Amino acid sequence: MERTKTGIPGLDELVNGGIPKGSNVLLSGGAGTGKTIFATQYLYNGALQFGEPGVFVTLEGNVRDIAWNMESFQWDIKSLQDQGMFTIYKLGMEFMKDSAMVEDRIDEQLKEIEKEVEEINAKRLVIDSTTVFGAYLEPSLLRTTLFKFCDKLKTFGCTTLLTAETPISKTSFSAFGVEEFVVDGVIALYFSPPNRSMFLRKMRGTPHDSNPHPLAITNQGIVINPRDSIMWDAIK
Ligand SMILES: Nc1ncnc2c1ncn2[C@@H]1O[C@H](COP(=O)(O)OP(=O)(O)OP(=O)(O)O)[C@@H](O)[C@H]1O
Ligand SMILES: [Mg+2]
């Protein structure tokens with residue numbers, strides 16, 4: 001099986017060497033658990049270590065903030081952008097108050113994302129974050145829309161990370177309880193001050209580790225310790 005290595009220290013060995021290529025993987029966690037850093041690091045490593053171009057689609061932040069965040073880790077994204085290895089795309093949902101229009105708008109945006117992917121022949125894609133859809137869609141429409149959205153993403157030929165904000169809970173992986181069923185994998189991030197941790201809730205098509213492990217955000221980005229595990233009860 002072909003796999004996509006995240007290059008995030010400690011992670012790939014927990015999934016038998018990497019995420020099955022072409023998967024949609026949900027990166028879930030509460031506020032400030034490191035979802036955006038993880039996702040950008042995945043793309044940065046992909047470009048730099050594995051020669052795979054990546055597209056970062058932001059639904060909430062502005063493009064400048066994403067770049068600024070990455071530069072705080074000394075990740076030189078400017079030259080990656082210049083080499084056509086990395087793009088940040090802002091997906092605009094702001095004016096979508098009318099539910100009836102949202103589906104059309106999402107279809108349009110999917111076409112834009114596909115264009116971005118094709119333009120640099122991207123192999124990695126990030127959608128940050130899916131929780132924003134909930135602000136525009138009724139629960140029943142949200143479910144079918146997310147299904148369609150994830151389905152369509154799969155046709156782009158990328159290994160995709162989608163982030164989702166969770167309420168403070170160990171057993172919920174998205175705000176609306178939809179995304180975790182639609183995707184192939186779930187990586188959950190936790191922050192119970194002062195301790196950060198992560199665990200693999202699911203990963204279709206591969207054996208994987210199932211213990212929570214310590215995670216640190218260092219000046220080099222996220223580092224996971226695959227040898228130590230954390231007591232489930234220590235996660236709040
Ligand atoms: N350069 C850095 N060095 C160390 N830690 C950092 C650095 N930059 C950010 N952090 C830590 O990472 C946290 C934010 O991570 P990130 O933005 O990835 O979280 P998130 O899960 O995407 O949050 P949100 O829910 O707000 O989108 C900060 O709150 C801070 O604790
Ligand atoms: Mg974020």
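Strand S4 (residues 54–58) is mostly covered, with five of its five residues buried; here buried means 20 or more other C-beta atoms within 10 Å of a residue's own, exposed means 12 or fewer, and partly exposed lies in between, with C-beta atoms placed from the backbone. Helices (H or I, at least four residues) and strands (E, at least two) are DSSP runs, numbered from the N terminus. This is a predicted model, in which local features need pLDDT of at least 70 and side-chain atom pairs count only at pLDDT 80 or more, while totals for chains, interfaces and linings use all residues. Residues are numbered from 1 along each chain as its sequence is written, and chains are lettered from A and ligands numbered from 1 in the order in which they are written.

**The sheet around S4**

- Gly54, Phe56 and Thr58 point one way from S4, Val55 and Val57 point the other way, and all are buried.
- S4 and strand S5 (residues 86–90) run parallel and are joined by five bridges; strands pair if DSSP finds at least two bridges between them.
- With strand S6 (residues 124–128), S4 pairs in the parallel sense over five bridges, and threonine 58 stands opposite aspartate 128 of S6.
- S6 in turn pairs with strand S7 (residues 159–165) in the parallel sense over four bridges, where leucine 125 has threonine 160 in S7 as its bridge partner.
- These strands belong to an open sheet of nine strands with mixed pairing, in the order S5-S4-S6-S7-S3-S8-S9-S10-S11.
- S5 and strand S11 (221–224) stand at the edges with a single partner strand each, so one side of each is left without a neighbour in the sheet.
- On average, neighbouring strands of this sheet are turned by 25 degrees against each other, direction ignored.

**Helices H1 and H2**

- Helix H1 (residues 35–50) and helix H2 (residues 63–71) pack at about 75 degrees, with their axes 11 Å apart; axes are lines fitted to C-alpha atoms, for helices over the stretch in contact, and angles run from 0 to 180 degrees between N-to-C directions.
- That makes H1 roughly perpendicular to H2, a label for angles of 65 to 115 degrees, with under 35 counting as roughly parallel, over 145 as roughly antiparallel and the rest as oblique.
- Thr36, Thr40 and Tyr44 of H1 meet Ile66, Asn69 and Met70 of H2, where contact means C-beta atoms, placed from the backbone, within 7 Å.
- The residues of this contact divide into three nonpolar, three polar and no charged; Ala, Val, Leu, Ile, Met, Phe, Trp, Tyr, Cys and Pro count as nonpolar, Asp, Glu, Lys and Arg as charged, and the others, Gly among them, as polar.
- H2 lies across S4 and S5, running at about 140 degrees to S5.

**Ligand 1**

- Of the 13 residues around ligand 1, Gly32, Lys35, Thr36, Ile37 and Ile217 come nearest; a residue is near if its C-beta atom, placed from the backbone, lies within 6 Å.
- H1 gives the largest share of this shell, three residues.
- The shell has four nonpolar, seven polar and two charged residues.

**Backbone details to look at**

- Aspartate 128 and serine 129 are joined by a cis peptide bond, with omega about 0 degrees, and serine 129 is found in the loop between S6 and helix H5 (139–153).
- Glutamine 74, in the loop between H2 and helix H3 (77–82), has a positive phi near 65 degrees and counts as exposed, with 9 C-beta neighbours inside 10 Å.

Notes: Contact = placed C-beta atoms within 7 Å.
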